[in-house]
Amino acid sequence: MKKLVSARQAAEVVPDGAVVSVSSSSALGCPDAVLKAIGDRFQQDGHPRDITSLHPIAAGDMYGVKGMEYLAQDGLLTRVLAGSYPSGPSSLEMPEIWKMIVEDRVAAYNVPSGIMFDMQREAAAHRPGVLTQVGLDTFVDPIREGCAMNARGATDPIVERVEFGGQTWLHFPNIIPNVCILRATTADEFGNLTYEHEGAYLGGLEQAICVRNHGGIVIAQVQRVTAEGSLRPHDVRVPGHLVDLIVEDPDQKQTTETPYDPAISGQVMRPWDSFSLAEHGVEKVIARRAAMELRSGMSANLGFGISAMVPRILLEEGHPKAVTWAIEQGAVGGVPLTGFAFGCASNAHAFVPSPQQFIYFQGGGFDMSFLSFLEVDVDGNVNVSKLGKKPYLTAGCGGFVDITARAKRIVFSGWFEAGAKIDLGSDGIRVTAPGKFTKMVDKVEHVTFSGRRARETGQEVIYVTERCVIRLTDEGLVATEIMPGIDAQRDIIVASGGRVTVAENATLMPASLFLEGPMGLQL
């Protein structure tokens, strides 16, 4: 069978009513040419219609790789489940997929990325769906939104609470995909796939197995095609007997705004002094205090935002290899990258397929997690997944819910207030004008992390801000460390509307946090 076809020919095999599973993480590993061909075919022929798309991590970005935007057409897309969605600054136009969601033109769900990979695995083995405690008491739980992002989603539930073995669980019944679209670097004529230029393996193998086990079609987009038998078996990540069609796109980008960087795919190792350090400022101060929680030899998970600066703090302090970082796209070790390359790492020790990485996360095998927050409420709940006024400013939950479910220690980083005027000096931080609103609220808009469940399971949780370090206690949010220059009564208690109290034995954070050069961090 001739497997090499054009993108248009691949799009023609997608039937009306298909459930399409897409392997991607923003632009990283995104099979953009195939997705574009499906969107173009619908505009020209009116088919395929009424498809459901499954995205464990977002497909596409807002910077040139459109991904799921090609599918965001009335009549083509009827339902979408994604761990995350394309996101970007408010200066850019809202993506069409987000317009469809907020206008209730598509049934939409935000499902934790790890659970979405679990769904592929359970459906592949013909087991009766996912049974998990990940997401209990968060927006994932049916007692809240049950993952639904709009009214159309809420009318067609995808998760239920069940009792099993004397415990409460969440059950996600199977959604069976019959088309898989993934991406690799090289395919041979038989369809064996290698990933030598990719920054992650993601979940393409598991998604392909799931579709193959249900008699569906697997489409692989690659940069190049070679003769059958010319690939080393140990390099093949997806074997050819799982692949039906191959689409060649020599111009596919490695990740967002990056045609190709060999350090991202582990083909070269960068000198440690080639990495940029965190720019001096308030956010660096926050990241420095977060980094003080680390000890040499730890393994830690890392999220987006201020927390992503923590590895750069270790670089500046001369500890580039003291901590083994693990990120949800699959890189282990090295330095997780920031900005457009977030989700990739340079100088990684290894690349683990995302489904296996999430097993590690869901089971709490790592020592600590560094994550960011949009808002925190009096119960310690955290929202990172929803902003009603401008929804596309956040990508959704991604792997956040999976990571925090059983993490032993969690360090959340963020601003205490939005829009406050801050004077950063050599001896401390001073608030010269109050912000527009506090990030410490009565009730978060979306419960991405449950403070109540964290207390029940004994997780250690702290929130690092530019004003104080807050600890989650049975008495609520208590500031136990104060930033030099901060007036505890005015800048913490009053500014939070009394939602944050200050411990009687609260200590002052070290002045070394404000140094222009290294702070002398010892791990």
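How far apart are the mean positions of the 46 positive and 61 negative charges of the chain?

Reply: The mean positions of the 46 positive and 61 negative charges are 1 Å apart, where Lys and Arg count as positive and Asp and Glu as negative, with His and the chain ends not counted, and where each charge is placed at NZ of Lys, CZ of Arg, CG of Asp or CD of Glu. This is a predicted model, in which local features need pLDDT of at least 70 and side-chain atom pairs count only at pLDDT 80 or more, while totals for chains, interfaces and linings use all residues. Residues are numbered from 1 along each chain as its sequence is written, and side-chain values use heavy atoms, with hydrogens and water left out.

Of the 523 residues, 60% are buried, meaning under 20% relative accessible area with a 1.4 Å probe and protein chains only.

Helix 7, covering residues 282-291, is mostly covered, with nine of its 10 residues buried; among them are Lys-284, Arg-288 and Arg-289, and Lys and Arg are the residue types counted as positive.

A residue of a type counted as negative, Asp-137, is found in the loop between strand 6 (130-132) and helix 5 (151-154), where it has a positive phi of about 65 degrees although it is not a glycine, and it is buried at a relative accessible area of 6%. The loop between strand 6 and helix 5 also holds Cys-147, likewise not a glycine, with a positive phi of about 75 degrees and with 0% relative accessibility, so that it counts as buried. Most residues other than glycine have a negative phi, and most peptide bonds are trans. The peptide bond from His-47 to Pro-48 is cis, with omega near 0 degrees, and Pro-48 sits in the loop between helix 2 (32-45) and strand 3 (51-55).

How values were computed. Buried means under 20% relative accessible area, exposed over 50%, partly exposed in between (1.4 Å probe, protein chains only). Helices (H or I, at least four residues) and strands (E, at least two) are DSSP runs, numbered from the N terminus.
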